[in-house]
Amino acid sequence: MDFQLETIRSLDSLLVLGGEREDRNRSNHAYRAYSLVSPRDCPLYIVLSGSHSGLRKPNPIDSEAEAMRKYLRFLGVPNEDLATETKAQDTLGNMVFSRPILEDLLSGYTSRK
């Protein structure tokens, strides 16, 4: 079996950092990983992180995380498999603000934003 595929199939969550460009490379990679393991008995949760970054102009309507959520929903990822963190403005913030969400998911806590 392909090492990358084997690794992806062992995941229970993905953290997607903000800073996505127009080609939606981060969302598309997350979707690819999600589609490789779905459907299965345990969902693969995708945590989308980011308020705005220097890579794109701040959107007064949607944070980066919310824009990624909308795109992944459009691709067919169920809302219950997505969580958003909308405070981070850099990579450190992505980690700090996403940690409680990941801890909740990993502890079996099912209520997500």
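**A pocket and a helix pair**

Hi everyone, let's start with the lining of the largest pocket: its largest share, 5 residues, comes from α2. This is a predicted model, where local features need pLDDT of at least 70 and side-chain atom pairs count only at pLDDT 80 or more, while totals for chains, interfaces and linings use all residues. Residues are numbered from 1 along each chain as its sequence is written, and side-chain values use heavy atoms, leaving out hydrogens and water.

Besides α2, both α1 (3-9) and β1 (13-17) supply at least two lining residues each.

Now, the helix pair. Helix α2 (residues 25-37) and helix α3 (residues 64-75) have axes that come within 10 Å and cross at roughly 40°; axes are lines fitted to C-alpha atoms over the stretch in contact, with angles from 0 to 180 degrees between N-to-C directions. The two are therefore oblique, a label for whatever is not under 35 degrees (roughly parallel), over 145 (roughly antiparallel) or 65 to 115 (roughly perpendicular).

Which residues in α2 and α3 meet? From α2 we have S27, N28 and Y31, and from α3 M68, Y71, L72 and L75, with contact meaning heavy atoms within 4.5 Å.

Conventions:
Helix = DSSP H or I, 4+ residues; strand = E, 2+ residues; numbered from the N terminus.
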